[in-house]
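The sequence and the structure come first.

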Amino acid sequence: MDIRLRVRQLAVVVSAGVLGSFVTPAAAVGEGIPVSVEGPAHPVGAGSARSYVTLEPDGTPATVGVRLDAAALDGLPGALLPTTEAYVLDLPEQANATVFDHLTIDWNSHGHNPEHGFDAPHFDVHFYLLDRATLESIQPFAPGYIPAAVRVPDPRYLPEGYAPTGDPLTSTVAGMGLHWLDTAEASDRSTTEHHFTESVLYGTWDGRQAFVEPMMSRDWLESRPTLHEQLPQPEAYQRTGLWPTTYSVWWDEASQTYTVELGGLTMREAS
C-alpha cells in the first residue's frame with residue numbers, strides 16, 4: 001500500500017458552549033485559518049473520546065475522526081469470556097457534507113474472527129454511512145432480513161481485492177452489516193511472520209455501502225504509532241458526497257491523545 005504523508009495544521013480549539021462542542025472562532029472561516037470542531041466528550045474506558053471534523057478555510061470538511069485520551073485505553077471491560085462494548089459518537093453538524101452519519105468505537109476484549117487473524121484485543125472504529133435506525137433494523141428476525149443480508153453491492157463499489165468475511169447470510173453482523181476485508185492482508189496474517197496490528201475494512205448492507213472501518217489492536221495503539229496511508233478506493237460510489245482518500249493514526253504528545261482519522265475528503269458523484 002502506498003504511503004503518503006500529510007501535513008495537518010489543526011487550530012487550537014476553544015470552548016463554544018454550544019451542545020458541548022468545541023470550535024475555533026467562527027471568524028476564522030474564510031480567513032485562511034484551519035478550523036477544528038469537536039463533538040462532546042464520551043466516556044471510554046477510564047478516559048473519554050471525542051469525534052471531530054476539520055474544515056478548510058471555506059468551511060468544506062477536510063477530515064473526520066476521533067480522538068481518545070490516554071486513559072481511554074485503560075479500565076476497559078474485560079472478562080474470561082469475550083466482551084464487546086460499543087461507544088456511539090455523533091459527528092459535529094459541520095460534517096453533514098460528508099457521507100458519514102456517525103461513528104462508533106467498538107472495544108473487543110478478546111478480538112474476534114480468529115480465522116482472519118483478528119483474535120487479539122482491539123478497537124473497531126466504524127465510520128457509518130447508515131443512520132442508527134437502519135443499523136438497529138439489521139436483526140436476523142426482522143422482516144425482510146434474509147433477502148437484504150444476501151444482497152451485496154456491485155463489486156465496483158468495493159476496493160479491488162476486498163472480499164466478504166464469509167457467506168453474507170451467516171456472516172452479516174447484527175446492528176452493523178457485512179464486513180469486507182483486504183484479502184492480501186488476510187493472506188499475510190495467515191503466516192507466523194505477520195501478526196494483526198491494524199487494518200481497514202469496508203461494510204455493506206442490503207446492497208449498499210454501509211461503513212469504513214479502521215481496526216487496530218490495543219497493543220499496537222498503545223505503542224503510540226504514527227501511520228499515514230492512502231485509503232483503498234472503490235471504482236464507483238453509490239451516493240454523492242465527500243468521501244475519504246486517506247487513513248491516519250497517530251499519538252500527540254502535547255495533548256496526550258490518540259487520533260484515528262479519515263482524511264483527504266473528496267467530492268464523489270454517485271454512479
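## Sheet, rings and a loop proline

Strand β7 pairs with strand β8 (residues 102-108) in the antiparallel sense, over seven bridges. Two strands are taken to pair if DSSP finds at least two bridges between them. Helices (H or I, at least four residues) and strands (E, at least two) are DSSP runs, numbered from the N terminus. This is a predicted model, in which local features need pLDDT of at least 70 and side-chain atom pairs count only at pLDDT 80 or more, while totals for chains, interfaces and linings use all residues. Residues are numbered from 1 along each chain as its sequence is written, and side-chain values use heavy atoms, with hydrogens and water left out.

Within β8, L103 is the bridge partner of L89. Both strands belong to an open sheet of seven strands, in the order β7-β8-β9-β13-β12-β11-β10, with antiparallel pairing. β7 and β10 (162-164) are the edge strands, each pairing on one side only. From one strand to the next, the twist averages 25°; axes are lines fitted to C-alpha atoms, for helices over the stretch in contact, and angles run from 0 to 180 degrees between N-to-C directions.

Aromatic side chains were searched over the whole structure, which gives seven aromatic pairs. Rings of Phe, Tyr and Trp (its six-membered ring) pair if their centres lie within 6.5 Å; planes under 30 degrees apart count as stacked, over 60 as edge-to-face and the rest as tilted. One of the pairs is Y145 with W205, tilted, at 5.6 Å centre to centre and 35° between the planes. This pair links distant parts of the chain, 60 residues apart: Y145 is in helix α2 (residues 145-150) and W205 in strand β12 (residues 198-205). Y145 is buried, at 7% relative accessible area, and W205 is buried at 7% as well. Buried means under 20% relative accessible area, exposed over 50%, and partly exposed in between (1.4 Å probe, protein chains only).

Two arginines lie over ring faces. The criterion is NZ of Lys or CZ of Arg within 6 Å of the ring centre and within 35 degrees of the ring normal.

| Arginine | Ring | Distance from ring centre |
|---|---|---|
| R67 | Y52 | 3.7 Å |
| R224 | W251 | 4.0 Å |

P82 is in the loop between β6 (61-69) and β7 (84-90). At 59% relative accessibility, P82 counts as exposed. Leaving aside neighbours within four places in sequence, P82 is in contact (heavy atoms within 4.5 Å) with S109 and H110. The C-alpha atoms of P82 and P121 are separated by 9.3 Å, and these residues are 39 residues apart along the chain.
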